[in-house]
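Work through the exercises below with the sequence and the structure at hand. Try each task before reading its solution.

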Amino acid sequence: RPGLTLRAAQRGDAGRIVAMWNHAAPHDPINEILLIEKAWEDPGVVFHEVLETDGEVQGFALGVIRKAQGDVVGYLKMLAVAPAERGAGIGSRLLKGAETALQTHGARLVRIGGSPPNYLSPGVDDRYGAGLTFLQKHGYRVSGETENMTVVLDGQDWTTDGDEAGLLRQGVTVRRAVAGDHEQLKVLANHFGGTWIDEIERALALDPVGVHLAWRGDQLLGFAAWGGNNTAAGWFGPMGTLPEARGLGIGGVLLKRCLRDLQRQGFKASVIPWVGPVGFYQRHAGANVSARLIRMEKTLDPGVAR
């Protein structure tokens, strides 16, 4: 509509973007530190623009490119419109701009959310009914779903001394990772598809280091990390244990070690995203499913970019 200006977002816009976003997307709250991680600390960003009127941010969209094994996939990491401005075409204009930028950079497929290793949400929270309808009207189809869980940290006892003693009797030692563990962590990450190494490296760079490991002799059996993504929000993950070492209690110990770290960092709760084994997290941490995320994607028409 008249008076709307579309332009590239600047760091100085962060406070106004955050205020608009938290009003428009209450199930995915952010702060300025988290927004900077998403929009300015991701080298894959090719579209981060705002629509504004008289200096007020009315909409924001963030698009990123990911390349793996020769494939180029575009992701719409973030999109929101101020509630009072919906229906004026702002969302459609931002979406079109993001799609064009992504296709210009080689994407033929666009996915909503996700974008590991740096993502805000694995998909669209199913509580955003209008948002799901909007995306469907623009040609996006459901490709799957997943769940986030939340664990309350405040007031909980994450002591693992007894469990670690039990592991030691089975020849398994548990400790915090150090820089020299990087290569073996890469090997272990490759066992799970290799997609986690960037998040692991980010967690390794934290102080204290946000990665805990389980060993039998010189064999790395499992790991768990925190702060590898959405660092300012205190998210847990990724984690993995070799199939032959499962059932020993390694996963529960590594999980609790990470949750203890997060508790000591002052977080009252932690999100466990993109959950597979819901029962495991319920059993070991009392976590509950807190969001159902709908995964959506669209194959771009060759005529989108121009």
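**Exercise 1.** Find the residue that stands opposite His 212, then describe the sheet around this pair.

Solution. The model is a predicted one.
Step 1: His 212 faces Ala 224, which belongs to strand S10.
Step 2: S10 is joined to S9 by six bridges, and the two strands run antiparallel.
Step 3: Both strands belong to an open sheet of four strands, ordered S8-S9-S10-S11 with antiparallel pairing.
Step 4: The edges of this sheet are strand S8 (173-176) and S11; each has a single partner strand, so one side of each has no neighbour in the sheet.
Step 5: On average, neighbouring strands of the sheet are turned by 20° against each other, direction ignored.

**Exercise 2.** Decide where the buried residues of helix H7 lie around its axis, and list the elements they pack against.

Solution. Step 1: Helix H7 covers residues 197-204, and its buried residues are Ile 197, Glu 199, Ile 200, Ala 203 and Leu 204. Buried here means under 20% relative accessible area.
Step 1: Looking down the axis of H7, these buried residues fall within an arc of 160°, so they line one face of the helix.

**Exercise 3.** Describe how strand S7 pairs with S13 and with S12.

Solution. Step 1: Strand S7 (residues 141-152) and strand S13 (residues 288-299) pair in the antiparallel sense, over nine bridges. In this pairing, Glu 145 stands opposite Ile 294 of S13.
Step 1: S7 is also joined to strand S12 (residues 269-272) by four bridges, again antiparallel. Here Val 152 stands opposite Ala 269 of S12.

**Exercise 4.** Does the radius of gyration of the protein chain agree or disagree with that of a compact globule?

Solution. Step 1: For 306 residues, a compact globule would have a radius of gyration near 19 Å.
Step 1: The protein chain has 21 Å, which agrees.
Step 2: For the outline, take the box filled by the C-alpha atoms along the principal axes, roughly 70 × 45 × 30 Å.
Step 3: For the interior, note that 52% of the 306 residues are buried.
Step 4: For the contacts, take those between residues at least 6 apart in sequence; 72% of them join residues at least 24 apart.
Step 5: For the surface, the protein chain exposes about 13800 Å², with carbon and sulfur atoms supplying 50% of it.

How values were computed. Residues are numbered from 1 along each chain as its sequence is written. This is a predicted model: local features need pLDDT of at least 70, side-chain atom pairs count only at pLDDT 80 or more; totals for chains, interfaces and linings use all residues. Side-chain values use heavy atoms; hydrogens and water are left out. Two strands pair if DSSP finds at least two bridges between them. Buried means under 20% relative accessible area, exposed over 50%, partly exposed in between (1.4 Å probe, protein chains only). The arc is that of the directions from the helix axis to the C-beta atoms. Contact means heavy atoms within 4.5 Å. The radius of gyration is taken over C-alpha atoms; the globule rule is 2.2 Å times the number of residues to the power 0.38. Accessible areas come from the Shrake-Rupley method with a 1.4 Å probe; for residues, only the protein chains shown count as cover. Axes are lines fitted to C-alpha atoms, for helices over the stretch in contact, and angles run from 0 to 180 degrees between N-to-C directions.
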